[in-house]
Amino acid sequence: MLARIRNKVLNGRRLSADDALRLFESSDIFSIGSLAAYANGKKNGKKAFFVRNRHINPTNICINRCKFCAFSRSPGQEGAYELTVDEIIAKLRPYCGGKGRLPGITEAHIVGGLHPEWDFGRYLGIISAIRRHFPGLHIKAFTAVEIDHFSRISGLGLEGTLKALKKAGLGTMPGGGAEIFASGVRAELCPEKISGARWIEVMEAAHGVGIRTNATMLYGHIESHEDRVDHLMRLREMQDRTGGFQAFIPLAYHPKNTRIQGGYTSGIDDLRTIAVSRLVLDNFDHIKAYWIMLGEKISQLSLCFGADDIDGTIIEEKITRSAGGLTAGHLTADQLAHLIRKAGKTPVERDSFYRKVRVYG
Amino acid sequence: MADRGKKGRRIAKKEAVAMLRKADLLELGQAADDLRSRLHPEGIVTFVVDRNINYTNVCINRCAFCAFWRREDASDAYILEEAELFRKIDETIALGGTQILIQGGLHPRLGIDYYVRLLSSIKGRYDINIHGFSPPEICYIADTSDITIRETLAILKNAGLDSVPGGGAEILSDRVREIVSPRKIRSSRWLRVMEEAHGLGMRTTATMMFGSIETPEDIVEHLDAVRELQDSTGGFTAFIPWSFQPGNTELGKGGRGSGTGGRTKKAGPRPPGPESPYGATAVEYLRVLALSRIYLDNIQNVQASWVTQGLKLAQVALRFGANDFGSTMIEENVVASTGVSYRVSMEDIINSIRAAGFAPCQRDTVYRIIRRY
């Protein structure tokens with residue numbers, strides 16, 4: 001039944017939405033996995049990537065109260081917090097050659113809530129302070145949802161906002177906030193959040209000003225397979241137009257402390273989703289199996305199902321943790337390299353543009 | 001490879017080693033999955049509702065891979081009180097349990113009388129299957145009471161022991177045992193206990209703990225010993241491979257099984273540590289699991305180990321040769337003492353099996369279906 005799809009993949013032809021749906025509904029994970037591994041091999045050879053990064057979430061106070069989110073708080077609510085610029089710098093300093101020096105990082109990953117009282121200057125100030133203190137550190141910051149919010153509170157419009165951030169030191173953007181584009185699902189899950197169309201508009205603007213980004217998909221909640229396919233198709237179309245996406249990252253929904261019924265995704269669904277993503281998104285160079293969300297075990301296995309990246313050292317993770325994440329907060333570069341090596345791949349530490357920093361033997 | 005499986009030709013040792021070393025993970029998985037679906041075409045995955053009861057943590061073996069053992073004078077050394085034991089069994093039955101797994105350390109002050117009393121006190125009160133005492137315990141009881149293994153098993157069976165768990169097999173290679181568990185019984189004695197138990201009509205499981213310092217040859221040696229014994233007795237109900245969990249163990253810290261250091265004395269100079277201080281990764285676990293399904297053509301059931309691998313990888317394991325989810329583990333102490341704790345409810349287990357595409361069924365000790373969900 002997958003013979004026609006196999007032929008297309010082997011001949012380098014693009015899969016249709018129907019093909020994608022058929023793959024999501026197939027239980028033949030071995031055929032799908034090995035086809036995806038083949039497609040990945042053509043793009044990345046035996047290399048599998050990781051990055052030395054640290055996550056920072058400046059605040060969990062957010063005007064959007066998405067039902068699937070266990071991280072966000074309202075102002076004054078128990079557990080609400082906001083970091084000062086000094087606190088953010090202090091979190092990064094030990095990893096950037098400062099006092100009490102720890103193994104270094106090359107990238108800061110910064111995402112947080114839409115704080116009702118912070119002005120754009122506050123967000124901009126975070127970026128410029130990091131740039132000033134650690135000029136060599138790559139700053140990957142702010143999802144499309146945050147950028148949209150900034151564009152409204154700054155009055156600068158999308159392009160003006162993005163240019164101001166870029167000038168302050170923002171290097172690339174993560175791919176969060178995409179969730180599932182389909183409007184029915186979105187209305188149910190996250191009614192306050194920007195629409196799928198707006199997410200795409202923000203990303204196009206980012207790519208337009210020369211900021212490369214990732215793209216994500218939150219799956220395993222209330223969406224159908226058709227919704228997943230729709231999501232992938234929209235990303236593929238946009239990538240055809242801009243070429244600005246670096247990696248696609250399917251994010252497995254976590255059920256704890258959220259307002260959506262349901263359980264964890266199955267390990268089998270996780271692997272299949274990675275593989276289908278690799279097969280459908282033929283114009284994305286990288287598929288990331290984000291270990292914080294998949295767990296290090298499924299993340300490692302994903303490298304045999306079409307993924308070529310397992311993210312990084314992370315150091316401190318709050319968002320998945322809040323929703324019942326089961327992994328440790330961080331892995332060392334050696335541990336990441338070990339997982340990659342034991343999957344039969346060559347561990348390559350990368351920078352934020354997938355350029356080689358170091359190959360681990 | 002898949003063809004070989006389909007034709008049902010037995011895999012030779014040399015082939016198995018080559019598969020473990022070189023075969024593509026997905027090809028290995030596909031072959032194991034084909035075999036699993038031939039042996040279990042109904043699309044069901046079973047589990048047993050039981051509880052692990054550890055009557056003591058005092059153990060003279062002090063294996064380097066274990067974080068559970070204590071010396072007799074340790075402040076947290078214990079022997080379970082009878083009242084506590086009964087409370088645990090009451091809870092198990094209340095939760096629909098059909099079996100208790102009773103295992104413990106090799107305690108120098110417990111003779112066969114203790115075990116007979118333990119078994120008969122349980123059987124006097126409860127109608128529950130007692131799956132108990134792995135081969136190292138059986139041998140220790142025999143040795144300290146100066147009777148044969150067969151006599152020991154017969155006495156225990158008479159007192160109420162129903163079946164024997166396959167623990168303590170670790171890797172059935174004396175080269176490896178010499179390093180990781182020098183005081184534990186040798187491979188031949190483990191096999192001997194199982195042979196005698198099968199001879200007395202008791203069913204047992206077989207386990208394998210890998211991911212420490214063994215080679216692919218050692219793993220295949222282990223599988224081969226189990227397959228050979230099964231050819232002659234047919235007494236094994238299931239094979240259960242799990243991976244070494246390095247947390248809080250001497251081996252995980254880079255030491256080996258001298259056992260003289262433990263966690264109280266300062267460690268002296270030690271031989272070099274195991275190749276991988278991280279234990280087996282998911283890919284290695286699935287390779288071994290799949291190979292086990294392929295190699296052990298005479299054992300009906302292969303268990304996924306969610307206790308050591310987590311539910312997500314256990315789900316994947318159901319497509320790499322496993323057809324059973326093991327126990328719900330109302331209580332588990334030994335793996336938990338390494339810091340690995342995937343505590344789950346029976347509902348989690350049922351949902352996990354279903355989400356993996358199988359029909360969950362509760363079974364008894366000998367794999368008869370009790371309840372479908």
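In chain A of this predicted model, residues 24 or more positions apart account for 73% of the contacts with a separation of 6 or more. Chain A contains 14 helices and 11 strands. Its radius of gyration is 19 Å, close to the 21 Å that the globule rule gives for 361 residues, so chain A is as compact as a globular protein of that length. Along the principal axes, the C-alpha atoms of chain A occupy a box of roughly 55 × 50 × 35 Å.

The interior and the surface of chain A may be considered next. Of the 361 residues in chain A, 61% are buried. The accessible surface of the chain amounts to about 13,200 Å², and carbon and sulfur atoms contribute 50% of that area. As for charge, chain A carries 50 positive and 38 negative side chains, and the centres of these two sets lie 6 Å apart.

Two residues of chain A illustrate how a position in a loop can be described. A:I314 lies in the loop that runs between strand 9 (309-312) and helix 13 (319-322) of chain A. Because its relative accessibility is 0%, and buried means under 20%, A:I314 counts as buried. A:I314 and A:G210 are 104 residues apart along the chain, and their C-alpha atoms are separated by 25 Å.

The second residue, A:N283, belongs to the loop between helix 11 (267-280) and strand 8 (286-287) of chain A. A:N283 has a relative accessible area of 18%; this value is under 20%, and A:N283 is therefore buried. Leaving aside residues up to four places away in sequence, A:N283 touches A:R14, A:R236, A:Q239 and A:D240. A:D334, by comparison, is 51 residues from A:N283 in sequence and 31 Å from it in space, C-alpha to C-alpha.

Attention now turns to chain B. This chain has 13 helices and 10 strands. For its 373 residues, a compact globule would have a radius of gyration near 21 Å, and the value of 20 Å for chain B agrees with this. The C-alpha atoms of chain B fill a box of roughly 55 × 50 × 35 Å, again taken along the principal axes. Within chain B, 62% of the 373 residues are buried, and residues 24 or more positions apart account for 76% of the contacts with a separation of 6 or more.

Chain B has 48 positive and 45 negative side chains, and the centres of the two sets are 2 Å apart.

Strand 2 (residues 50-54) is mostly covered, with 5 of its 5 residues buried. Both faces of the strand are covered: B:D50, B:N52 and B:N54 are buried on one side, and B:R51 and B:I53 are buried on the other. Strand 2 also pairs with strand 3 (residues 99-103) of chain B, in the parallel sense and over 5 bridges. Within this pairing, B:R51 has B:I100 of strand 3 as its bridge partner.

Methods
Residues are numbered from 1 along each chain as its sequence is written. Chains are lettered from A and ligands numbered from 1 in the order in which they are written. This is a predicted model: local features need pLDDT of at least 70, side-chain atom pairs count only at pLDDT 80 or more; totals for chains, interfaces and linings use all residues. Side-chain values use heavy atoms; hydrogens and water are left out. Helices (H or I, at least four residues) and strands (E, at least two) are DSSP runs, numbered from the N terminus. The radius of gyration is taken over C-alpha atoms; the globule rule is 2.2 Å times the number of residues to the power 0.38. Buried means under 20% relative accessible area, exposed over 50%, partly exposed in between (1.4 Å probe, protein chains only). Contact means heavy atoms within 4.5 Å. Lys and Arg count as positive and Asp and Glu as negative; His and the chain ends are not counted. The place of a charge is taken as NZ of Lys, CZ of Arg, CG of Asp or CD of Glu. Two strands pair if DSSP finds at least two bridges between them. Accessible areas come from the Shrake-Rupley method with a 1.4 Å probe; for residues, only the protein chains shown count as cover.
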